[in-house]
Amino acid sequence: MAEPLLEIRHLKKYFPIKTGLLGRTTGQVKAVDDISITIQEGETFGLVGESGSGKSTVGRSIVRLTEKTDGEIMFRGTDLHSLQGDELRRLRPKLQMIFQDPYGSLNPRIRVGDAIGEALLDHGLLGKGEIRERVLEVLNSCGLSSYHIDRYPHEFSGGQRQRIGIARALILNPDLMIADEPVSALDVSIQAQIINLFRKLQESQGLTYLFISHDLSVVEHLCSHVGVMYLGGMVETATRDELFLHPLHPYTKALLSAVPMPIPRLKRERIILKGDIPSPANPPSGCKFHTRCPFATSECREQIPNMRNVGSNHYVACHWV
Amino acid sequence: MTLMEPHTARAAESQKSETRYKKPSLWKQALRHLLRNKLAVSGFIVVAFMFLACFIGPLFSPYADNKINMSIMNKPPSWQHWLGTDKLGRDVLTRVLQAGRISLTVGLASMALSVFLGTLLGALAGYYRGIVDQIIMRIADLLLTIPGLPLLFISGALLSEWKVPTDYRMYIVMLMLSLVNWPGLARMIRGQLLSLREQEFMHAAVVLGLRDRRKLLHHLLPNLVPLIIVMATLNIGGAILSESVLSFFGLGVMPPTPTWGNMIDAANNMIDFQQRPWLWIPPGLSIFATVIAINLFGDGLRDVLDPKLKR
Amino acid sequence: MSALLKIEGLSTHFITEEGRIKAVDEVSLRILQGETVCIVGESGCGKSVTAMSVMGLLQGGLGVAIDGRITFQDTDLLSLNKAEIRAIRGHEIAMIFQEPMSSLNPVLTIGEQLIEPMMEHLKLNKKVARERATALIEQVGISRSKQIMNSYPHELSGGMLQRIMIAMAISCGPKLLIADEPTTALDVTIQAQILDMLRQIKEESGMAILLITHDLGVVAEMADYVVVMYAGKIVEEGEVTKLFEDPKHPYTQGLLRSKPVLGQRQEELFSIPGQVPNLLELQPYCYFHDRCEHCMAICRTQEPELGVVGHQQKAACWLYGEVAHHG
């Protein structure tokens, strides 16, 4: 196989807990605890998890909105966290991000056209005259019209704003697009429009996505590969079909069965997990899932399970699979 | 419980953003809302009137040379002297307008200086954080712990002690007022900047790889402007008031240069206070009307430009 | 069975500087004893405003105009004064919200907040109320009930707080529970727990539920009867299996088709083009016409009325114009 586009090796991100007047560090929140992900060119990797799973921190670490604690993030063979200053700035266009909140992710005082074209100008990638043309082209491919170019963000609805956010990232011709819950703030009918747009852009521009979401049905629809996170750790990764047809980790199974299906009177076996998601500041010992796992044994309480290949690139971190 | 729960409120907002017709810019919208606020509009009218009267009015006065004429001292209002004359026979109306020039200039200039200092230092502290932030904000804290008025009194007394020429005192008073006022402004600007930094659109600017200068000038500053405008407006009123207090006690601008503050000083003896109200009511009323009007206008501005600051 | 709650021609409008917002317009529905009715729709469709109108939470608000009749067990809720509403609210009709954190008082313990409504409505003394509160906490699936009684809201997670809210809601044995997006802020695994618990409580106590949600999956799992709202109006309603298997209104059809479903992957999702109309600019014809794939001439000139289109199913659409008129 060719060199992967992105390879995350043993990424760790611990946030210090500071208390008292002097801000002494009294503990750590292990937001991401030893995660490895490989994404090949053209894939859509879905990162799934509930709140506190650390999935967003992974995305933010890739674009250096968050500094890592340990590990490596290799992008086309370059360690992203070793880059500084201008080197990093010049690489940034290749790694773009779509944010969750369509209301907060656009500067209210900058016209849409300027917001989209600004990065081209700042990086000196195109001349002023050409930028407008390119902005129109991108607006168009994101399903917006040319007359939108001189409007301000407050004139747009949530779905349209998300399109603007996509256009802003797309104009830089990125190699990797990180989408952090891009549709979770949108209504169902608008959500479908945006998901289709992601699809369409991937086909026409050959984009690679890291798609971060809590919504399994959206991930199944859009992604070719899936990783499931729980409390900062990866519990299972596989291709989409493998994962959704043959989920192996008890957490993945529970997660899948918890998704409400729009089919009334559907008889299915439901696994309802006991208890709450533990705090990442004080995660359980051994397998982090043991407090809620229906199959937990003493071994699970003591030993941390490693990711094991169970065939056809299906990896699971569970003692009993 | 608010009128609408967040979900519907947001929806209402999203529905407002229908794109069939062009919506006015944020500034035009703010202006429209401001014009609907009757108190703010009347405040603006009063302030505008005061400025026009003080800066243009004396040009039409036959008494603008302030000649001393003991033969007509302390005359009550009449057709020749609408607001009477003072103890040196000068026309009170002309003096009030000339004093207004000084008071308003001191207010504006000290506001401009303290807004400049406050914005610059607040922005530096908020943007660079770390040690820069620590140094700037500790100085600000220090200045904030000393009550402003006593500080002004002491420095005013020192100025008198050192026999600073009266012509310069006006400028020194401006400088003193700015020094007392910038820490509060710097604090507001810094706070706003810190919260802006954490907005998703600033993260987006980082991911897009924009240069620091662009982030500061194109993304952060335009979002600070409404706050700066509001703070500046409200600050003028405060500055005028402080100047008046200082001058009233003879520690600010000194006679013969008239200011509203040192004109009220005329009321510090019982005879003038009881029997010659035309000496102190006009300057007193001027201070009162101007400061109230500026504050009403500033409150209106705040409501339309920065709803978060309400209450 | 008699109707427990009957809403007839409810209109809740907000009068704003920009104009009149018809958040809920001419909505009628009824809830039978022990029935779960779901109002489903996208943001701004008026589903939450309907619920809040029933609870009397909007009445007397600035710029709020409420019209119509809301009858609860033969009492017209809109004609009651504040004290009378308060006697019903929290006692016979209870409500839970999307954000449990903001519905609880941060400076009072969970226990204090739990016993308060019981002392008020059921006239229990403190000791009995405390015992009941402990039992209620256990009933909603929290094991350390004694300890929870003495904790403050910020010490508990979102899922726990929503359980507490439910405990508080059912404490006085309500006949109707109004749940406004009760699981939207929660994780899927926690949502599954809460929904499961709500179903259980409903079976045991026989209370009716009015569930407000945007999630069609939640509707399918919980509802007996479904009401679909769009831009302040009911566009379709019906018994849950009928409505999901054979939706009549193009909006309902579109909603159901545009939701990705686990195990039913398609190459391209169906999507409804365009967006929700501005509530300030509603015209007297079908609000959905410009997004509808079946739009006809009449849809642009006349407003369709809600008419019977099948067994226990109604829709407001000109596609069924004939039926609607004769039905």
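Reply: Helices α6 and α7 of chain B cross in a right-handed sense. The model is predicted, and what follows describes its computed geometry.

The two helices are α6(B), residues 148-161, and α7(B), residues 166-197. In general, a pair of packed helices is described by the angle between their axes and the distance between the axes. Here the angle is about 155° and the axes are 11 Å apart. Angles over 145 degrees count as roughly antiparallel, and α6(B) and α7(B) are therefore roughly antiparallel to each other.

From α6(B), the contact takes B:Gly148, B:Leu151, B:Leu152, B:Ser155 and B:Leu159. Facing them, α7(B) contributes B:Arg169, B:Ile172, B:Met176 and B:Val180. By class, the residues of this contact are 6 nonpolar, 2 polar and 1 charged.

Chain B also meets chain A. On that boundary, 22 residues come from chain B and 27 residues from chain A. Two helices, α8 (200-207) and α9 (212-248) of chain B, each supply at least two residues of the side that touches chain A. The most comes from α8(B), with 6 residues. This side of chain B holds 8 nonpolar, 10 polar and 4 charged residues.

Within chain A there is an open sheet of 4 strands, ordered β2-β1-β4-β5, with antiparallel pairing. Its edges are β2 (24-39) and β5 (78-79) of chain A; each has a single partner strand, so one side of each has no neighbour in the sheet. Further in, β1 (residues 6-19) and β4 (residues 70-75) of chain A run antiparallel and are joined by 5 bridges. At one position of this pairing, A:Lys12 lies opposite A:Asp70 of β4(A). Helix α1 of chain A, residues 55-62, packs on the sheet and touches β1, β2 and β4 of chain A. The direction of α1(A) makes about 75° with that of β2(A).

Chain A is also in contact with chain C, through 36 residues of chain A and 38 residues of chain C. On the chain C side, the elements that give two or more residues are α7 (158-170), α8 (188-205), α9 (216-222), α10 (240-245) and α11 (250-258). Of the elements of chain C, α8(C) gives the most, with 6 residues. The side of chain C that touches chain A has 16 nonpolar, 14 polar and 8 charged residues.

Chain C as a whole has 12 helices and 12 strands. Its radius of gyration is 21 Å, close to the 20 Å that the globule rule gives for 327 residues, so chain C is as compact as a globular protein of that length. The C-alpha trace of chain C spans about 65 × 50 × 40 Å along its principal axes.

An open sheet of 8 strands in chain C has mixed pairing and the order β6-β7-β8-β3-β9-β10-β12-β11. Strands β6 (93-96) and β11 (307-310) of chain C are at the edges, each pairing on one side only. From one strand to the next, the twist averages 20°. Inside this order, β3 (residues 36-40) and β8 (residues 208-213) of chain C run parallel and share 5 bridges; there, C:Val37 has C:Leu210 of β8(C) as its bridge partner. Helix α7(C), already listed on the side that touches chain A, packs on this sheet, touching β6 and β7 (176-180) of chain C. The direction of α7(C) makes about 175° with that of β6(C).

Note on methods
Residues numbered from 1 in each chain as written. Chains lettered and ligands numbered in written order. Predicted model: local features only at pLDDT ≥ 70, side-chain atom pairs only at ≥ 80, totals over all residues. Contact = placed C-beta atoms within 7 Å. Nonpolar A, V, L, I, M, F, W, Y, C, P; charged D, E, K, R; others polar. Pairing = 2+ DSSP bridges. Axes fitted to C-alpha atoms, helices over the stretch in contact; angles between N-to-C directions. Parallel < 35°, antiparallel > 145°, perpendicular 65-115°, else oblique. Left-handed = near helix turned anticlockwise from the far one by under 90°. Rg over C-alpha atoms; globule rule 2.2 N^0.38 Å.
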